[in-house]
Amino acid sequence: MMPVMIDVKGRPCTVVGGGCAAYRKAKTLLANGAVIRVISPELSEKFNSLDVEYIKKEYSPGDIKNSFIVVAATNDSKLNRQIGDDVRNSGNGLFLSADDKDNSDMMFMAYTEHGDIKIAVSTSGAYPALSSHICSELSEMCEKYDKLCGVLSHYRKMILEGEFEVEKKHELIKTLVSEQMLSFDNTEELKREAEKIIYEKGNSRN
């Protein structure tokens, strides 16, 4: 699958199922701003902490109408496949089966984030718990690079808006994310070095 970032803020998403798997998917979608509707005859108490619309019923094809993302997280594999077929036949929306990645249009990835930096990890469904473990190890790195990102984005904008040739702009932007530059922990040092690079390399003929 191709890794992408999807904006779900304010988008209607339907989760079919009321157990632990459904809860985890609903929690992730909700944390990223989606509007969640849950369809299930029964609902885990875990959902009490989530702001979702709960419809107590068995699934029917009309339940997925106008859904941006549909998650099938029931304990019935046959029903999950049927929900997938209904989504695809409807001609719109993305489908995720909690128990069958091969029957899904998308997968949720484990991720860690800090400010503008988000690092997502996937084992392609082979061992999801390992993805979470890797994210935990990357958490400190995420925090460090968020500090650098705020500084670098300022200078990137300066370069792009500057009166440099296109090739020179590419060279300067690439230099600002060199190993040496990213080794700085002090943002003031990074700023001084970035300004030096832009002045020296930006005005050089090479």
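Leaving aside neighbours within four places in sequence, I119 is in contact with A110, Y111, T112, C135, L138 and C142, where contact means heavy atoms within 4.5 Å. I119 is found in strand 7, and its C-alpha atom is separated by 7.4 Å from that of C135, a residue 16 positions apart from I119 along the chain. The structure is a predicted model, in which local features need pLDDT of at least 70 and side-chain atom pairs count only at pLDDT 80 or more, while totals for chains, interfaces and linings use all residues. Residues are numbered from 1 along each chain as its sequence is written, and side-chain values use heavy atoms, with hydrogens and water left out. Helices (H or I, at least four residues) and strands (E, at least two) are DSSP runs, numbered from the N terminus.

An open sheet of 5 strands has the order 3-2-1-4-5, with parallel pairing; two strands are taken to pair if DSSP finds at least two bridges between them. The edge strands are strand 3 and strand 5 (94-97), each of which pairs on one side only. On average, and with direction ignored, neighbouring strands of this sheet are turned by 20° against each other, the axes being lines fitted to C-alpha atoms, for helices over the stretch in contact, and the angles running from 0 to 180 degrees between N-to-C directions.

Within this sheet, strand 1 (residues 12-16) is joined to strand 2 (residues 35-39) by 5 bridges, the two running parallel, and V16 stands opposite I39 in strand 2. The chain passes from strand 1 through helix 1 (residues 20-31) to strand 2 in a β-α-β crossover that is right-handed, a term applied if, with the strands pointing away from the viewer, the path from the first strand over the helix to the second runs clockwise. Strand 1 also pairs with strand 4 (residues 69-72) in the parallel sense, over 4 bridges, and here C13 stands opposite I69. Because 4 of its 5 residues are buried, strand 1 is largely enclosed by the rest of the structure; buried means under 20% relative accessible area, exposed over 50%, and partly exposed in between (1.4 Å probe, protein chains only). Strand 2 and strand 3 pair in the parallel sense over 3 bridges, with I39 opposite I55 in strand 3.

Helix 1 lies across strand 1, strand 2, strand 4 and strand 5, and runs at about 170° to strand 1. Helix 2 (residues 77-90) likewise packs on the sheet, touching strand 1, strand 4 and strand 5, and its direction makes about 170° with that of strand 5.

The largest nonpolar core has 18 residues, of which V15, L29, I36, F47, I69 and V71 touch the most other members; such a core is a set of buried Ala, Val, Leu, Ile, Met, Phe, Trp, Tyr and Cys residues joined through side-chain atoms within 4.5 Å. Two or more residues are given to this core by strand 1, helix 1, strand 2 and strand 4, and the largest share, 4 residues, comes from helix 1. When residues up to four places away in sequence are not counted, I36 touches C13, V15, A26, L29, L30, V52 and E53. Apart from this core lies another, of 13 residues, among them V151, L190, I197 and I198.

In helix 4 (residues 166-176), the residues K168, K169, L172, T175 and L176 are buried. Seen down the helix axis, these buried residues fall within an arc of 130°, so they line one face of helix 4, the arc being that of the directions from the helix axis to the C-beta atoms. The buried residues pack against helix 3 (128-161), helix 5 (179-182) and helix 6 (187-202), whereas the face turned away from the buried side carries the exposed residues V166, E167, H170 and K174. T175 has a relative accessible area of 18% and, with neighbours within four places in sequence left aside, is in contact with M181, I197 and K201.

Most residues other than glycine have a negative phi. N66, in the loop between strand 3 (53-55) and strand 4, has a positive phi near 65° and counts as exposed at 61% relative accessibility. S124, in the loop between strand 7 (117-121) and helix 3, has a positive phi near 55° and counts as partly exposed at 46% relative accessibility.
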